[in-house]
Amino acid sequence: MGFSVDVVDIENRKDSLLSFLDMISKYKLVITDRFHGAIFASITGTPCLALPTINHKIIESDFWFRKLKTKTFVCKNSDELEKRISFIPEPYEYNSSFVKAMYYHILFSVLENNTISVSNPVQDCIISRRTVRSWEDYTVNKILLYDIIKSGVYAPSGSNAQCVKFKIIQDKERIFSIGKECFRRNINLPPVVIMLGYDFGIEKTINFDHQNKTWELLKYQDIAAATQNMQLYCESIGLSCCWLSFFTNKRQEFLNSINIKDNNIEYLSGLAIGFSKSKSILETEHSGLSIERKNIENYIL
Ligand SMILES: Cc1cc2nc3c(=O)[nH]c(=O)nc-3n(C[C@H](O)[C@H](O)[C@H](O)COP(=O)(O)O)c2cc1C
């Protein structure tokens, strides 16, 4: 059986590449075990599930696919692929000028500076995370939610009390009310909010001296540590978050009204989790201050 080979020469190579990318961009989903398959899907914003090759290429690129917020997800095996298939995001709206803007200029800057800085994946995650306030409608499946909560559970806890508890809220009405309460206006939140509470029924906390408030700060610090662990894990897998705080004087009353109450649990904050709207432009400032951080010296006393 014969086969044909497209001849790509120096004159037509750019057109060949762009028409190939156009073709890939028309698919709803690419499933591939070829590194280049994953690259082409990533460039065109086409949802892609990539299975490992016999070498390191796809596995080791997983971090970059996530960091660059592509729609390529590396699945370790066919079981994971099956789970992922249930929440394939919408593709980006692809056009070839985007390829030029997104990729060529990065390549040029690498060439110009003659260096690629080697970074630490955890710090990259810390630095690239941004609070998101504009969301796609896709929900996050249960397996991932459990992984996210696991990151919260593994946060440090004062006196090793381990009493941060997590309540998954997925019904639209309550999420709408939470948004309204936190933001004082009708706001679009993603389809999942995890409420974080401190469990005063746990043996250790029962012995905390509530009278003289010796342990008072632990609950806030433990909840914050768990929340940030969850935010960073989300960032590492391409999900986004918005930390939700409630007005102190009204918090309990409000939470009771939407039936977020459990024995011995004091709910302190929430975390909205979802897929950032692909075309959303992140805020450059919030509450009158720039989101950009200043030079590190400014923060050292
Ligand atoms: C304790 C705490 C409470 C927050 N509460 C809210 C909130 O209720 N609503 C909101 O939109 N963002 C909230 N945020 C997010 C901050 O506004 C955000 O972290 C800040 O603007 C810096 O932006 P960045 O997270 O993108 O770096 C909260 C953050 C923290 C740490």
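Reader: Hi! Which residue stands opposite Tyr-198 in E7?

Author: Hello! That would be Glu-266. Keep in mind that this is a predicted model.

Reader: Got it. How many bridges are there between E5 and E7, and in which sense do they pair?

Author: There are eight bridges, and E5 and E7 pair in the antiparallel sense.

Reader: What about E4 and E5, how do they run?

Author: E4 and E5 run antiparallel, with six bridges joining them. For a pair you can find by eye, look at Ile-169, which stands opposite Val-193 in E5.

Reader: Is E5 mostly covered or mostly open?

Author: Mostly covered: of the eight residues in E5, seven are buried.

Reader: Which residues of H10 are buried?

Author: Among them are Asp-222, Ile-223, Ala-226, Thr-227, Met-230 and Cys-234. In general, an α-helix has 3.6 residues a turn, so residues three or four places apart point the same way.

Reader: And what covers the buried residues of H10?

Author: The cover includes helices H6 (121-128) and H7 (142-153), along with strands E4 (164-169), E5 (192-199), E6 and E7 (265-274).

Reader: What follows H10?

Author: Gly-238 follows H10, and its phi is positive, near 85°.

Reader: New topic, the ligand! Which residues surround it?

Author: Including both arginines, the list is Arg-130, Thr-131, Arg-133, Cys-182, Cys-242, Trp-243, Leu-244, Ser-245, His-286 and Ile-291. By type, that shell divides into five nonpolar, three polar and two charged residues.

Reader: Which strand gives the most to that shell?

Author: Strand E6 (residues 240-245), with four residues.

Reader: Last one: what is the order of the strands in the open sheet of three?

Author: The order is E1-E2-E3, and the pairing is parallel. E1 (30-32) and E3 (72-74) stand at the edges with a single partner strand each, so one side of each has no neighbour in the sheet. From one strand to the next, the twist averages 15°.

Reader: Which helix packs on that sheet?

Author: Helix H3 (residues 57-67), which touches E2 and E3. The direction of H3 makes about 135° with that of E3.

Reader: And how many bridges pair E2 with E3?

Author: Three, in the parallel sense. In E3, Phe-73 is the bridge partner of Leu-49.

Methods. Residues numbered from 1 in each chain as written. Predicted model: local features only at pLDDT ≥ 70, side-chain atom pairs only at ≥ 80, totals over all residues. Near = placed C-beta within 6 Å. Helix = DSSP H or I, 4+ residues; strand = E, 2+ residues; numbered from the N terminus. Nonpolar A, V, L, I, M, F, W, Y, C, P; charged D, E, K, R; others polar. Pairing = 2+ DSSP bridges. Axes fitted to C-alpha atoms, helices over the stretch in contact; angles between N-to-C directions. Contact = placed C-beta atoms within 7 Å. Buried ≥ 20, exposed ≤ 12 C-beta atoms within 10 Å, placed from the backbone.
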